[in-house]
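Hi there,

Here is the structure I promised to pass on to you. Have a look at it first, and then read my notes below.

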Amino acid sequence: MTAFFQELGLPFEGAWLLSTIIGILLIALPVMLAVAMIIYADRKIWAAMALRRGPNVVGPFGLLQSFADGLKVFLQETIVPSAANKTLFLIAPIITFTVALMAWAVVPFQVGVVLADINVGLLYILAISSLGVYGVVLSGWASNSKYPFYSAIRASAQMISYEVSIGFILICVVLWAGSFNLTAIVESQKGYYGFLNGNGFNPLLFPMAIMFLISAMAETARAPFDLTEAESELVAGYQTEYSSMAFALFWLGEYANVILMCALNAVLFWGGYLPPFDWAPLYYVPGILWLFAKILFFFFVFSWVKATVPRYRYDQLMRLGWKIFLPTSLLFVFLVSGFLMLTRYGGAQ
Amino acid sequence: MIHVIAFYLFATLVVCSGALTILSRNPVHSVLWLILAFFNAAGLMILLGAEFIAMLLVIVYVGAVAVLFLFVVMMLDIDFAELRAGFVSYLPFGLLIALVLLAEIVLGIGLWSAGPIELAQRAGPVNPELSNIQAIGGLLYTRYIFLFEAAGIVLLVAMIGAIVLTHRARGGVRPQNIARQNQRRPQDATRNINQPVGQGVEL
C-alpha cells in the first residue's frame, strides 16, 4: 500500500504513515465489529445450551443487542471511587483494550496481507500478551478495594503460570516451522500426508494444539478458568468498581483477546488462511474466509466449554499449569527437537 | 526522517521515565515508570535493528520481572515518611556510585573509539544475511555453549537454594490429594432413598 501512495506523489514517510494508519483501521474496525457480533454469538450459544432463548428483542433475532448494550454503557456516567488512584484507574481499561488490539498487527490474513510482516512475529505476540496482565493488575490495585485486589493477584499469578507453558508450546511450533514469522509458520503447514493442511495433523504437535487451546482459555481467563471474576467469591473481580465505558473497554478487550487466541490457534496449528485440505479448488476461496471460519469454530469451542464445564478450583488451576502443562510441554520441546535432529537436520554426527 | 523522530521520541521517553522512576513518591508508580522505560528501550533496540533483543527485553523484563516487582510492591504496606527519611544520609553514597558509573561510561566509550581493544569485534564476523535470532543462536549454541550452560546451572542452583532456604515442613496442613479426588464418584458420596412420608432420614 505504501507504493500506491508513493505513486500518488507523496514522499516515502508520508505514504508509509498513511498506509500504516489505514492498515490499522482496516484491522481494528472489523475486529471491533467482530467483537460485537461474537458477544452476541456467545450469548446465543450459551443460551441454547441452557435451553434458553438468549437475546432476541433488539433487531432481527436480537442481532443488534450488542450495539444497544454499547449505546447504553456509552450514555452512562463513569464513576470513579473516591479512594481510587484516579489516573491508573482510568488507564487500566485502556491498556487492556489497546493491548488486545495491538497483537493483531502480525496475524496474517492471506499471503502478504499482514500489517507488520516482521520476522519475530511470534515473539511479538508473546511480548504483547505478557502486557495484557498489566491492565488487570492495575485496575485491581487502583480500585483500592478488597475484591478487585484479590482478583488482580489471582489474575497475575494465573496469566504468568500459563504464559510459561504457552511459551514452550510456541517453541515446538517454531522448531517445526523453522521461523518466528507467522506467514512462514502458516506456509510450513502445507501438505501433511499430501492432502492435509495444518500442524494439528502432525502427531507430535497435536497434543500441543490441545494444550494451547486449554492454555488460551486460562490466559484469557475464560470459563472454566475465570477465577479472576468468580462472582461467588469476588463480586465481579477486578471490574467490580468499574462502570460505563471503562467497564465496556474491559469487556471489549476481553473478547478481542478471545478472538485473537482463536486466531492464533488457527494460525499456529490448523493452517491459518490455508484451506484444511490441500486440494486445488479450495484455494479459490479467499484465505481470509478460511481463517474466519476457523476462528468461528474455535470460538464455538470456547463458548461450548464456557457453557458446560464448571469452574476450576484455584489449586486445581495452578496444578494443571505448573505440574501438568509445564512438564508435558517441556517434554514435547525435547521430542520435537529430537525428532527434527534425527530427520530434517541430518541425524547425530 | 521518521527514524530520527522515533529515536528522539524513544530516547526522551526512556530518560524521562527513568528519572520519574526514582522521583515519583508512590512505589507502584515507580514500577510503572520503570516499565515504560523498558518499553522505550525496546523501541531503541528495534531502531538499532536488534529486534530479537527488543522482543526479549519486553518478554523478560516487562512480562516477567516487572510483574513480580509490581506484585511485591503492591502488597507492601509502605510508610512513605520512613522511605524518604534516609534520603540525605544516602545522598553522598549515591552520588559516588553515579560518579563511578559516569567514569565507566566515559572510559568505555573512549576506549571503544580509541580502538586497540576492539570490544565489538571479538565475536568474529557475523554473516549479514542471517537474521538476529539465527546469528545469536549460532554463536550461543556453538562458541559459547559451555558458558551458556554454566549460566543455566547457576540459575538452577540459585532456584534450588531459594527453595531449600524457604521451604519448611509445617504441621497441621491438609494437602489436596488429587488422585483421590478424581477417583471419587457420585455413588460414594450420595445415595438415593425412597423416603416414606412423615419419617426422618437415617443419617
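B:I22 is found in helix α1 of chain B; helices here are DSSP runs of H or I with at least four residues, numbered from the N terminus. This is a predicted model, in which local features need pLDDT of at least 70 and side-chain atom pairs count only at pLDDT 80 or more, while totals for chains, interfaces and linings use all residues. Residues are numbered from 1 along each chain as its sequence is written, chains are lettered from A and ligands numbered from 1 in the order in which they are written, and side-chain values use heavy atoms, leaving out hydrogens and water.

B:I22 belongs to a nonpolar patch on the surface, together with B:L9, B:L13, B:L20, B:L23, B:W33 and B:L36. Their accessible area together is about 640 Å² (Shrake-Rupley method, 1.4 Å probe, with only the protein chains shown counting as cover for residues). A patch like this joins nonpolar side chains (Val, Leu, Ile, Met, Phe, Trp, Tyr) within 5 Å, from residues with over 30% relative accessible area and no salt bridge. Helix α1(B) gives the largest share, five residues.

Now for the place where the chains meet. The contact (heavy atoms within 4.5 Å) takes 26 residues from chain B and 27 residues from chain A. Between them, the two chains bury about 2,400 Å², 78% of it on carbon and sulfur atoms; buried area is the accessible area (1.4 Å probe) that two parts lose on being put together, summed over both. B:I2, B:M55 and B:M74 supply 23% of the area that chain B buries against chain A, more than any other three residues.

How many salt bridges are there between chain B and chain A? The count is zero, where a salt bridge is a side-chain nitrogen of Lys or Arg within 4 Å of a carboxyl oxygen of Asp or Glu. Over all chains, the structure holds five. In one salt bridge, A:D42 pairs with A:R222, with the closest N and O atoms 3.2 Å apart.

Enjoy exploring!

Definitions and conventions
Patches are made of residues with over 30% relative accessible area and no salt bridge: like charges are joined within 9 Å, nonpolar side chains (Val, Leu, Ile, Met, Phe, Trp, Tyr) within 5 Å. Helices (H or I, at least four residues) and strands (E, at least two) are DSSP runs, numbered from the N terminus.
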